[in-house]
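Subject: Structure handover

Hi,

Here is the structure for you to look over. My notes on the helices follow below it.

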Amino acid sequence: AINHTTTTEGLYPIHYAIRSKGRIRDDPIAAVDIVKYLLDCDPNVKFQKVGGIRSLLHCACFLGYNGSTIDVGIQIIKAIYDAHPEAIEDDDMVSDIHEYHEQVQAFINCELVYARQAKDRH
């Protein structure tokens, strides 16, 4: 079931967990745990794209966060990044960075610097 999309939007279960942004009433961290669980269930989950186009990392970064959801959002983004760091260098991901929440921008910019330094060493 974790590898099947909805017929209308092309979303996988992990996309619903990402979109919840911690809105789980009594335990916002549960959204982070669900994302981590789904990533751990199957190594191919990290490659699932919204409608076959937008990566999980891009999807998570693109969401509209506010003061009450940004902390959980950053944790979700970090979990996805840890599972698939190569996604950070996706052209669409970088070109949309100006539309992300400022804390998301800071995280992505920091990791991009690290990714480029690591690439230069090899």
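How many residues does helix α2 have, and how far does α2 reach from its first C-alpha to its last? Helix α2 covers residues 29-41, has 13 residues and reaches 18 Å. That is close to the 18 Å expected at 1.5 Å a residue, where the expected span is 1.5 Å times one less than the number of residues. Helices are DSSP runs (H or I, at least four residues), numbered from the N terminus.

Two points on how to read this. This is a predicted model, where local features need pLDDT of at least 70 and side-chain atom pairs count only at pLDDT 80 or more, while totals for chains, interfaces and linings use all residues. Residues are numbered from 1 along each chain as its sequence is written, and side-chain values use heavy atoms, with hydrogens and water left out.

**The buried side of α2**

The buried residues of α2 are Ala30, Ala31, Val32, Val35, Leu38 and Leu39. Buried means under 20% relative accessible area, with a 1.4 Å probe and protein chains only. These residues pack against α1 (13-20), α3 (56-62) and α4 (70-83). Contact here means heavy atoms within 4.5 Å.

**α1 with α2**

α1 and α2 pack at an angle of about 160°, with their axes 9 Å apart. Axes are lines fitted to C-alpha atoms over the stretch in contact, and angles run from 0 to 180 degrees between N-to-C directions. So α1 is roughly antiparallel to α2 (over 145 degrees; under 35 counts as roughly parallel). On the α1 side, Pro13, Ile14, Ala17, Ile18 and Ser20 make the contact; on the α2 side, Ala31, Ile34, Val35, Leu38 and Leu39 do. The residues divide into 9 nonpolar, 1 polar and no charged. Ala, Val, Leu, Ile, Met, Phe, Trp, Tyr, Cys and Pro count as nonpolar, Asp, Glu, Lys and Arg as charged, and the others as polar.

In α1, the buried residues are Ile14, His15, Ala17, Ile18 and Ser20. Their cover includes α2, α3 and α4.

**α2 with α4**

The axes of α2 and α4 come within 9 Å and cross at roughly 10°. Therefore α2 is roughly parallel to α4. Among the contact residues are Val32 and Lys36 of α2, and Gln75 and Ile76 of α4. By class, this contact has 10 nonpolar, 1 polar and 1 charged residues.

**Histidine 58**

Histidine 58 is found in α3. Histidine 58 counts as buried because its relative accessibility is 3%. Beyond neighbours within four places in sequence, histidine 58 is in contact with Asp90, Asp92, Met93, Asp96 and Tyr100.

Best wishes

Methods. Helix = DSSP H or I, 4+ residues; strand = E, 2+ residues; numbered from the N terminus. Buried < 20%, exposed > 50% of the residue type's maximum accessible area, 1.4 Å probe, protein only. Parallel < 35°, antiparallel > 145°, perpendicular 65-115°, else oblique.
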